Amino acid sequence: MTDDQFFIKNELRITCADAVELVTEYLEETLSPADLDDFQTHLSLCEGCQVFLDQVNATITLMSRSRQVDVPLLPGNMDALLAVLDERAAQKPDEASSS
Ligand SMILES: [Zn+2]
């Protein structure tokens, strides 16, 4: 812990693309302490990646319940995960505005 810590908190540290790549490892709790720190710092400052993580979490929960979609949770399968998210979005149009 140094005074640098305070300054670094104002930085995203990693790009959103990097954060997306780290999401699966984050969920599997296989990130190194340094990567975990970068990821959590980025997430705390980046609303877009927070939403993305929520969506991935929801998708994984859905998949593990239904078992109808068999997509192993690996960084290389992120496209498949995103495809599932797209399908869900298409099936539930504008759910957010119904409150
Ligand atoms: Zn981000």
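Tutor: Two residues are in contact if their C-beta atoms, placed from the backbone, lie within 7 Å. In this structure, Ala19, Leu22 and Tyr26 in α2 meet Asp35, Leu36, Phe39, His42 and Leu43 in α3. For classification, Ala, Val, Leu, Ile, Met, Phe, Trp, Tyr, Cys and Pro count as nonpolar, Asp, Glu, Lys and Arg as charged, and the others, Gly among them, as polar. The residues of the contact of α2 with α3 accordingly divide into six nonpolar, one polar and one charged. The model is a predicted one, in which local features need pLDDT of at least 70 and side-chain atom pairs count only at pLDDT 80 or more, while totals for chains, interfaces and linings use all residues. Residues are numbered from 1 along each chain as its sequence is written.

Student: How are helices assigned, and how many helices and strands does the protein have?

Tutor: Helices (H or I, at least four residues) and strands (E, at least two) are DSSP runs, numbered from the N terminus. The protein has five helices and zero strands.

Student: At what angle do the axes of α2 and α3 cross?

Tutor: Axes are lines fitted to C-alpha atoms, for helices over the stretch in contact, and angles run from 0 to 180 degrees between N-to-C directions. Those of α2 and α3 come within 10 Å and cross at roughly 120°.

Student: Why does the distance between the end C-alpha atoms of α2 agree with its number of residues?

Tutor: The expected span of a helix is 1.5 Å times one less than its number of residues. The 12 residues of α2 should therefore span 16 Å, and its end C-alpha atoms are 16 Å apart.

Student: Which residues of α2 are buried?

Tutor: A residue is buried if 20 or more other C-beta atoms lie within 10 Å of its own, exposed if 12 or fewer, and partly exposed in between. In α2 the buried residues are Ala19, Leu22, Val23 and Thr24. Across the protein, buried residues make up 11% of the 99 residues.

Student: Which residues make up the largest nonpolar core?

Tutor: A nonpolar core is a set of buried Ala, Val, Leu, Ile, Met, Phe, Trp, Tyr and Cys residues joined through C-beta atoms within 7 Å. The largest one here has seven residues: Ala19, Leu22, Val23, Phe39, Leu43, Cys49 and Val56. Helices α2 (16–27), α3 (33–45) and α4 each supply at least two residues of this core, and its largest share, three residues, comes from α2. Leu22, a member of this core, is in contact with Leu31, Asp35 and Phe39 once its neighbours within four places in sequence are left aside.

Student: Where is Glu29 found, and is it buried or exposed?

Tutor: Glu29 is found in the loop between α2 and α3. With 7 other C-beta atoms within 10 Å, Glu29 is exposed. Its phi is near 60°, a positive value in a residue other than glycine.

Student: What is the phi of Arg13, and where is Arg13 found?

Tutor: Phi of Arg13 is near 70°, also in a residue other than glycine. Arg13 is found in the loop between α1 (4–8) and α2, and Arg13 is partly exposed because 15 other C-beta atoms are within 10 Å.

Student: Why does Ala58 count as exposed?

Tutor: Ala58, in helix α4 (residues 47–66), counts as exposed because it has 12 C-beta neighbours inside 10 Å. The C-alpha atoms of Ala58 and Leu85, 27 residues apart along the chain, are separated by 9.1 Å.
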